[in-house]
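Please look over the chain shown below before reading the briefing that follows it.

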Amino acid sequence: MKNLQFFVPRSGKINVDKIDHDHDTIVAALDDVRQNIDNPDYRTVKKAREVGNLLLAHFKDEERLMSDYNYPYLHQHMVHHDQSLGTVYRILGECELRNQINIEELRDLFRILIDDIFSADMAFSNYVLDRKRR
Ligand SMILES: [Fe+2]
Ligand SMILES: [Fe+2]
């Protein structure tokens, strides 16, 4: 299972350049940790924490962008981000206590981002598309 690459599927494109770019960057950073999970010279836990920081920054940027667009479901989206971050920090905290991260934990982090893309960001994508059509 370890060799299954993390990537954002084509169907996960939001068609807002900044958001898609962030998603790709975060997933690539997470995949870098996956590729180095057995590399003793690579600080996996520290790198995973950096991915967490990227995710936090991304969520904040996304919320700002949604606010600029007067997105009506901003509040729900923020709640989804907060819940996602709660899980992310729980995982990262456990890893930091053990000073080790395993593939299941990396997968969970990956799933959290993918879940936000498909269950929340996609709705914003449709909203933006709808506005352009009007
Ligand atoms: Fe996002
Ligand atoms: Fe989001």
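What percentage of the 134 residues in the chain is buried? Buried residues make up 24% of them, a residue being buried if 20 or more other C-beta atoms, placed from the backbone, lie within 10 Å of its own. This is a predicted model, in which local features need pLDDT of at least 70 and side-chain atom pairs count only at pLDDT 80 or more, while totals for chains, interfaces and linings use all residues. Residues are numbered from 1 along each chain as its sequence is written, and chains are lettered from A and ligands numbered from 1 in the order in which they are written.

**Fold and dimensions**
- The chain has four helices and zero strands, in the order α-α-α-α from the N terminus on; these are DSSP runs, with helices being H or I of at least four residues and strands E of at least two.
- The C-alpha atoms fill a box of roughly 55 × 25 × 20 Å along the principal axes.
- Of the contacts between residues at least 6 apart in sequence, 69% join residues at least 24 apart, where contact requires C-beta atoms, placed from the backbone, within 7 Å.

**Packing of H3 and H4**
- Helix H3 (residues 74–98) and helix H4 (residues 103–133) pack at about 175 degrees with their axes 10 Å apart, and are therefore roughly antiparallel, a label for angles over 145 degrees.
- Residues of H3 that meet H4 include His77, His80, Val88, Ile91 and Cys95, and among their partners in H4 are Glu105, Leu109, Ile112 and Phe124.

Notes
A residue is buried if 20 or more other C-beta atoms lie within 10 Å of its own, exposed if 12 or fewer, and partly exposed in between; C-beta atoms are placed from the backbone. Two residues are in contact if their C-beta atoms, placed from the backbone, lie within 7 Å. Axes are lines fitted to C-alpha atoms, for helices over the stretch in contact, and angles run from 0 to 180 degrees between N-to-C directions. Angles under 35 degrees count as roughly parallel, over 145 as roughly antiparallel, 65 to 115 as roughly perpendicular and the rest as oblique.
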